[in-house]
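Please read it alongside the sequence and the coordinates.

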Amino acid sequence: MSTDTSTMKRDYYETLGVEKGANPDAIKKAFRKLAMDYHPDRNPGDQSAEQKFKELNEAYDVLKDEQKRAAYDRFGHAAFENGGMGRGGAGQGFAGGGFDFTDIFDEMFGEFMGGGRRGQASRGRGADLRYNMEITLEEAFGGKQATIRVPTSVACESCQGSGGEKGAQPISCPACHGYGKVRATQGFFTIERTCAACHGAGKVIEKACKTCKGSGRTAKEKTLQVAIPAGVEDGTRIRLAGEGEAGMNGGPAGDLYIFISLSAHRLFQREGAGIHCRVPIAMATAALGGQIEIPTIDGSKAKVSVPAGTQTGQQFRLKGKGMSVLRSPARGDMFVEIAVETPANLTKKQRDLLEQFDAESQANAKTSPESAGFFARVKEFFDNGRG
């Protein structure tokens, strides 16, 4: 005695908790919520939850498909008996038959994991672009407005980015009916392949634009104005949203990233907000003291008083004379490092004077205390048998 299974199954709309006239978005939303609640991973060992999960998948598998839903609305469960609709049966089991487990993850998580939804045109986001810009230290200090030229892809003007001639929009693929995939049943298995006609997009262009050959974009060099803020550092990255390559078939454009590098300066070295400058001075100035005038990064001049007896390596700090600070009115400091220069190319008179100075210095250890102290320690080292 045979049993009519069509009379034993629960109504698919009732299974998902939606009205018969519910739109596809409402059906998908209801399925997602219930599938998450009854997923076997969330209910380990619960046979009733597993059965409910199977029923939800079976109902959604039919109601999400326009053709299957129409057949179900007309014939009920009988539309899928004996292999109807070429799917191997709508609900042949959780682990075998026509159950397509990937459908659940495609529908539930595909959007959040970067795998676009089926049945939509392939509107891929355009690629991001990189532009390397070298600026001077003065430009980094004061900021600048720069004009750059970037070779890129832009939306085709002839078709407004649609890829279709005269701006015609893509239509639903007749081969897969907008699904993006085609299915074939072989025995107990259902094989699903990417549609060869639309390459998985779900939509096709009837007549491609002659200018862009259906891609929706053309090559072009764009001229852009870029504001470089004061205080930028070497390696700073500036993002210009939407200025990258145009997307395919009207998809969103990528971004343009400008990477800043600073060229070497003749006088200054930068360390964060600080400016360092090495200043050589004459031996007489270091010994007697004096005043030197040096440039600063803002183009002005600063005077530094050098005290008598200044040594190489001694630093003087000029507060507020350093670099601009990004997004701040503050400035860093400038550090002047002294390098005492030994006289060279002496005249006979200069040599005689230096020899006289040296002779007098030998009798006075206080004239060069550091060297006198060092050689005193050297003598002690040798006198004591090298330590």
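In what order do the 4 strands of the open sheet with β10 stand? The points below begin with that matter; the model discussed is a predicted one.

1. The sheet of 4 strands. The order is β10-β11-β15-β14, in an open sheet whose pairing is mixed. Its edges are formed by β10 (268-271) and β14 (315-318), each of which pairs on one side only. From one strand to the next, the twist averages 30°.

2. The pairing of β10 with β11. These two strands run in the antiparallel sense and are joined over 4 bridges. Arg-270 stands opposite Ile-275, a residue of β11. The two strands form a hairpin with 2 residues between them, and Gly-272 in this hairpin takes a positive phi near 65°.

3. The pairing of β11 with β15. Strand β11 covers residues 274-282 and pairs with β15 in the parallel sense, over 8 bridges. Two bridge partners may be located in the model. Pro-280 has Ala-339 of β15 as its partner, and Ala-282 is bridged to Glu-341, also in β15.

4. The sheet of 3 strands. A further open sheet has the order β1-β9-β8, again with mixed pairing. Here the edge strands are β1 (129-135) and β8 (237-240), and each pairs on one side only. The twist in this sheet averages 25° from one strand to the next.

5. The pairing of β8 with β9. Strand β9 is made up of residues 256-262, and β8 pairs with β9 in the antiparallel sense over 4 bridges. Within this pair, Ile-238 has Ile-258 of β9 as its bridge partner.

6. The hairpin of β12 and β13. Strand β12 (residues 290-295) and strand β13 (residues 301-306) are antiparallel and pair over 6 bridges. Ile-294 stands opposite Ala-302 in β13. There are 5 residues between the two strands of this hairpin, and Gly-299, which lies in the turn, has a positive phi of about 95°.

7. The packing of α3 against α4. How is helix α3 set relative to helix α4, and how far apart are their axes? Helix α3 (residues 47-63) packs with helix α4 (residues 66-75) at an angle of about 105°, and the axes are 6 Å apart. The two helices are therefore roughly perpendicular. On the α3 side, the contact is made by Asp-61, Val-62 and Leu-63, and on the α4 side by Lys-68, Arg-69 and Tyr-72. By class, this contact has 3 nonpolar and 3 charged residues, with no polar ones.

8. The second largest pocket. The volume of this pocket is about 930 Å³. Its lining comprises 27 residues, and those nearest the centre are Met-283, Phe-357, Ser-361, Thr-367 and Ser-368. Of the lining residues, 14 are nonpolar, 10 are polar and 3 are charged.

9. A link between the points.

How values were computed: Residues are numbered from 1 along each chain as its sequence is written. This is a predicted model: local features need pLDDT of at least 70, side-chain atom pairs count only at pLDDT 80 or more; totals for chains, interfaces and linings use all residues. Side-chain values use heavy atoms; hydrogens and water are left out. Axes are lines fitted to C-alpha atoms, for helices over the stretch in contact, and angles run from 0 to 180 degrees between N-to-C directions. Angles under 35 degrees count as roughly parallel, over 145 as roughly antiparallel, 65 to 115 as roughly perpendicular and the rest as oblique. Contact means heavy atoms within 4.5 Å. Ala, Val, Leu, Ile, Met, Phe, Trp, Tyr, Cys and Pro count as nonpolar, Asp, Glu, Lys and Arg as charged, and the others, Gly among them, as polar. On a 1 Å grid over the protein atoms alone, a cavity is a set of points where a 1.4 Å probe fits but cannot get out, and a pocket is an open set with protein on both sides within 12 Å along at least five of seven lines; lining residues have an atom within 4 Å of a point. Grid points are joined across faces, edges and corners, and a volume is the space filled by probe spheres set on the points. Two strands pair if DSSP finds at least two bridges between them.
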